[in-house]
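Reader: I have the sequence and the structure open. Please go through the helix packing, the domains and the ligand shell with me.

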Amino acid sequence: IMNEKNESLAIELSSLDRRHLLHPSTNPKLQAETGPKLIFTGAEGIYLHDMSGQKYIDGVSMLWNVNLGHGNKELAKAAYDQMVNVAYASSFYGYANEPTVRLAEKIASLTPGDLNTVFFTSGGSESNDTAFKLSRFYWQLQGYTEKRTIISLKRGYHGVTVSAQRATGIEVYREFSGSTDPDIVNAKAHLTECELGDRSHPEYEGCIRSIIEKLGKDKIAAVIVEPIQGAGGVHIPPEGYLQAVRKLCDEFNIHLIADEVICGFGRTGKMFGVDHWDVVPDFMSIAKGITSGYIQLGGVVMREKIRDAFTSYDGMLAHGFTYSGHPAACAVGLKNIEILERDGLIEKARKLGEQLEKGLLYLEDKYEFVSGSRVKGLLAGFDLMKDSDKNIPFEESVKASVSVVDEAYQRGLLIRPFDFEPGMNIVAIAPPFITADNELERIINIVDDSLAAFS
Ligand code: PLP
């Protein structure tokens, strides 16, 4: 039902896109052949509108980042007000500006323990590369010249800059372009309890503890974990896991980096993912939810001891991005946190999570091929299996998660499939925190109808 003007604009944009735009995380051949799947022209609340006037529910908050939902005028105004004041000023060479300083202080007040100093970046990948470099630099300052290795987890996703890419435990990303950072080791065990020290555990060889024992603690700078893995398919660690990894890092004098890029700022129903397990990492990477995606911003928060080592260093901290501490981005970050707190949205995310969990358990009951539903706040996923009781996956030719997500798309709901390992069929749901109860019910109903259409 596109009017003529929109139709010719859609044709024009599609042809320009196919000719001039290379899309991230997209099949480029298919893109060049078919053009964009949707061209968004408007967005409000949990809805996105495309050129034909069709409305879609944003069931994963785009990239799990639009936490306050679309069309928030307060965030837009915060950017506008800052832009007409000081749109851009650098934090290089000792310059400062108010929103950057205020946001650093605000973040310090929210992060657990003595995570009190922020280094700003423009996003999650930059934050993780920064955390790796700062961890390695810290050890150099302490006289440990060989403490460089970063240990990361299977199915962890940490971004696409070279070191973050190599830390990512999803092969298609990790291997892309053959980039290397020789000092990164990806664990083969997946969120098992063998970190607690049980050497007879079948996956012991692939766990963090075993890697530390093999390499030697004096070669290892840090371990990086997402408190809850997102792009690896939404995996919540077993109880005691994060605490065990924290203890392991203490035992061997190794930093713990928590990648809070998805979890941070309320997504899981608490301010940070680590807050569910009362773990204080040495570095925390943040991005996405800090501005609800309205403008690019990221950062690394570090503990006092690390900050003290850096502030005792009388040389150049030769690391920084042009947009480290961008004033307009920081003003949006401040407003975003103010709204989260004022409107009780993190508690709301927690409560909506309970409703979502009930919905997914109902679907597990109803469909034999649905299992493994997991929910923390508004971060949720479930598995599709040929026989979930017997743990038998679908044949590789059956693209179950892609099919279900496509059925949902046909019904006006955007959710996300994961099938990057043989037999893996995971669906993720992560709507904005401003989702109303009846809107969440609608999301669950559409998923129900999509599962029925697939079965
Ligand atoms: N870390 C996590 C946990 C992420 O989910 C992502 C992005 O999805 C990143 C890092 C990378 O962030 P960015 O895409 O902003 O570089």
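Reader: Which residues in helix 5 meet helix 12?

Author: The model is a predicted one. On the side of helix 12, Pro327, Cys330, Ala331, Gly333, Leu334 and Ile337 take part. By class, this contact has seven nonpolar, two polar and two charged residues. The residues from helix 5 are Pro99, Thr100, Arg102, Leu103 and Lys106.

Reader: Is helix 5 parallel, perpendicular or oblique to helix 12?

Author: The axes of helix 5 (residues 98-110) and helix 12 (residues 327-342) are 8 Å apart, at an angle of about 40°. Angles under 35 degrees count as roughly parallel, and roughly perpendicular covers 65 to 115. Helix 5 is therefore oblique to helix 12.

Reader: Which element gives the most to the side of domain 1 that touches domain 2?

Author: The domain assignment gives domain 1 as 38-71 + 345-454 and domain 2 as 73-342. Between them, 24 residues of domain 1 are in contact with 24 residues of domain 2. Elements giving two or more residues to the domain 1 side include helix 3 (61-64), strand 11 (370-376) and helix 13 (345-366). The most, five residues, comes from helix 13.

Reader: Which helix gives the largest share of the shell around the ligand?

Author: Of the 15 residues around the ligand, Gly123, Gly124, Ser125, Gly159 and Val261 come nearest. The shell has six nonpolar, seven polar and two charged residues. Its largest share is three residues, and these come from helix 6 (residues 124-141).

Technical notes:
Residues numbered from 1 in each chain as written. Predicted model: local features only at pLDDT ≥ 70, side-chain atom pairs only at ≥ 80, totals over all residues. Near = placed C-beta within 6 Å. Helix = DSSP H or I, 4+ residues; strand = E, 2+ residues; numbered from the N terminus. Nonpolar A, V, L, I, M, F, W, Y, C, P; charged D, E, K, R; others polar. Axes fitted to C-alpha atoms, helices over the stretch in contact; angles between N-to-C directions. Parallel < 35°, antiparallel > 145°, perpendicular 65-115°, else oblique. Contact = placed C-beta atoms within 7 Å. Domains from an automatic or database assignment.
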